[in-house]
Amino acid sequence: MSDEPAAASETDADTSDSIADMVGVWAPRGNEVRVVAGTAVVLALFPFAFSRMPVVSDLLQGYQSLATLILIWGIFALGFDLLLGYTGLLSFGHAAFWGGAAYTAGVFSQQVSGSPVLMVAAGTAFAVLLAWALGFLSLRRGGIYFAILTLAFAQMLFYMSSSPLAFITGGENGFTGVETAELFGTFPLESELPSVLGLLLGTWLYAFVALITVLCVALAYRILQSPYGMVFRAIRENEQRAEFVGLNVWRYRLMSFILSGLFAGIAGSLFTIHGTYVPLASFYWTTSGEVVIMTVLGGTGSLFGPIIGAGVYLYVENIVSGGHPFDFIAPFWHLILGLVFVVVIWVFPRGIWGFVRDVRDAVTGGDD
Amino acid sequence: MALLETENLVKEFGGLVATDDVNLAVEEDERVSIIGPNGAGKSTLINLITRRLDPTSGDIRFKGESIVNRDPHEVVQMGVSKSFQTASIFSNLTVRENAEIAALAAEHGSFGFKFLEHRDSLTDVHEVARNTLDAVGLLDQADRMASELPYGDKRRLEIGIALAAEPDLLLMDEPTAGMSPEETEATVDLVEEVKREMGLTFVLIEHDMEIVFRVSDRIVVLNRGRVIAEGTPDEIRGNPEVQEAYLGGVDL
């Protein structure tokens with residue numbers, strides 16, 4: 001991706017080094033500007049095309065709130081792919097971080113502050129700490145044992161929030177006391193943006209979620225371009241060799257786990273803001289399963305695949321289940337979802353994004 | 001003080017004694033080969049030194065420091081690198097990235113928090129990786145996927161990864177196993193070049209007598225886990241016990 005001709009990158013290196021001296025690690029390098037700007041443009045057009053644009057939105061039958069939800073799950077899946085697609089670790093307990101952040105953000109809004117930014121900060125902080133602790137315990141074992149350990153920890157949290165901690169979490173009813181305030185104390189999240197922005201983006205909530213999504217894409221892309229991206233893939237490829245070049249495989253895996261917990265935490269907090277409610281199912285194993293399916297469906301080992309996977313999954317779950325495009329399929333939406341998954345994995349083993357990449361390579365002759 | 005020492009090193013697998021009271025010393029700048037018939041415990045010995053296996057008893061010291069309680073990556077960080085018997089590479093990474101992984105570990109330690117720093121800024125890593133690939137003759141293939149290389153080149157990359165870790169001691173486990181005669185020749189040239197230019201201390205495990213006699217300063221002969229002879233290539237060549245145990249009495 002960033003493999004430019006040597007001559008060009010040498011001259012680039014001089015200028016970008018001097019910029020890097022001024023802004024330190026934050027200076028954009030390589031394709032970063034292109035990736036982030038591209039993401040921003042797509043996200044700016046997405047809700048309009050999905051829910052308001054003539055003809056297209058009639059075909060899609062999308063709606064604003066679903067557009068927001070797709071981005072939230074997209075962030076979750078994006079972080080999950082750092083762990084599954086890049087580091088090669090299958091966690092089956094990421095509901096713990098999604099749910100943990102969702103409850104934390106909810107309780108925080110009731111007890112401390114309803115500021116959306118602070119809610120996200122609080123939920124994410126909790127998820128990161130939880131990921132550090134659970135990662136520390138789960139990563140003692142590899143493969144299927146790791147998956148089962150993460151599943152067991154997440155189910156313990158599900159149980160804790162369903163009854164022993166029901167006085168905080170609301171138990172079976174979920175947490176209903178979410179009190180979200182205005183964004184930056186000024187903009188009600190459910191209100192429309194002014195003029196053209198309102199037509200494109202819709203609500204302040206979407207704008208807020210989309211901004212965070214862009215930041216998450218930028219962060220994930222930077223992580224993948226940092227030494228970590230290379231080390232993660234090396235561990236996935238050949239764990240023993242990574243250990244025998246002198247890398248502390250265990251600590252890198254823990255970092256991968258914590259970083260994916262960070263993304264899950266951001267997403268979980270936004271989920272609370274989006275729904276102003278935390279269902280008990282946030283901690284349930286199906287949530288962990290859904291993020292696995294979204295990631296694999298979209299394409300593991302890619303930046304945008306998991307976000308697309310989240311979109312396709314939620315589209316079937318919310319639109320097709322409502323009887324679109326054909327009324328008679330509504331009761332069978334679970335079946336449709338299963339079929340979509342099976343067909344994608346059969347036909348494009350590297351997911352939807354893998355297929356997109358193959359097409360692009362075929363068109364451009366493999367030049368990235 | 002020897003660079004690497006083992007003291008009364010024993011490794012038992014159940015009832016089988018794979019390493020039997022081995023006392024070995026490798027001096028700095030020395031090229032030592034370990035030979036012996038199949039099952040003599042050569043690989044076990046290497047695996048003990050790289051901490052892939054725990055010894056049953058005895059001690060291993062590197063630069064005078066005991067390493068039996070260290071993790072494998074710590075031993076690598078101390079300066080012991082290993083090239084594997086099979087091409088143990090990162091298949092779906094480019095050749096360049098393969099070398100960079102090792103260079104990263106050598107230049108920046110076993111772990112770091114640089115997940116926000118772009119790889120392009122790690123000029124030291126790029127330089128080491130580049131020099132290493134140049135040394136093993138793979139620089140012109142740097143952008144290929146490692147999985148696309150022919151077998152001989154994969155093995156060269158394997159040695160390259162071990163060299164990029166900038167070791168003080170290189171352990172080579174049958175570097176020419178499974179190679180064609182031409183590839184073997186090229187690899188032996190490579191080993192000799194490394195010996196000459198990098199002044200590296202290495203321990204070589206090898207079946208091929210011709211290679212062993214060509215590159216070693218000293219040869220250690222193992223049989224059934226024990227050291228049965230030790231000496232210069234000429235001494236080993238003339239040692240009747242070695243000929244009996246290892247070469248089946250055939251005159252060399």
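**Where chains A and B meet, and what lies behind it**

In this model, 34 residues of chain B are in contact with 28 residues of chain A. Keep in mind that the model is predicted.

**The interface, seen from chain B**
- Helices α2 (72-78) and α3 (95-108) of chain B each put at least two residues into the side that touches chain A.
- The top contributor there is α3(B), with seven residues.
- Sorted by class, this side of chain B has 16 nonpolar, 10 polar and eight charged residues.
- For a close-up, take A:V245: leaving aside its neighbours within four places in sequence, it is in contact with B:V76, B:I101, B:A102, B:A105, B:I161 and B:A165.

**The nonpolar core**
- The largest nonpolar core has 169 residues, and A:I72, A:F76, A:V245, A:A267, B:A102 and B:A164 touch the most other members.
- Helix α4 (residues 64-86) of chain A supplies the largest share of this core, 15 residues.
- From chain B, domain 1 (1-79 + 167-252) and domain 2 (90-160) each give at least three residues to this core.

**A sheet in chain B**
- Four strands of chain B form an open sheet in the order β2-β1-β4-β5, with antiparallel pairing.
- Its edges are β2 (16-26) and β5 (65-66) of chain B, each pairing on one side only.
- Five bridges link β1 (residues 4-13) and β4 (residues 57-62) of chain B in the antiparallel sense, and B:E7 sits opposite B:D59 in β4(B).
- Helix α1 (residues 42-49) of chain B lies across β1, β2 and β4 of chain B, at about 65 degrees to β2(B).

Terms used. Residues are numbered from 1 along each chain as its sequence is written. Chains are lettered from A and ligands numbered from 1 in the order in which they are written. This is a predicted model: local features need pLDDT of at least 70, side-chain atom pairs count only at pLDDT 80 or more; totals for chains, interfaces and linings use all residues. Two strands pair if DSSP finds at least two bridges between them. Two residues are in contact if their C-beta atoms, placed from the backbone, lie within 7 Å. Axes are lines fitted to C-alpha atoms, for helices over the stretch in contact, and angles run from 0 to 180 degrees between N-to-C directions. Ala, Val, Leu, Ile, Met, Phe, Trp, Tyr, Cys and Pro count as nonpolar, Asp, Glu, Lys and Arg as charged, and the others, Gly among them, as polar. A nonpolar core is a set of buried Ala, Val, Leu, Ile, Met, Phe, Trp, Tyr and Cys residues joined through C-beta atoms within 7 Å. A residue is buried if 20 or more other C-beta atoms lie within 10 Å of its own, exposed if 12 or fewer, and partly exposed in between; C-beta atoms are placed from the backbone. Domain bounds come from an automatic or database domain assignment.
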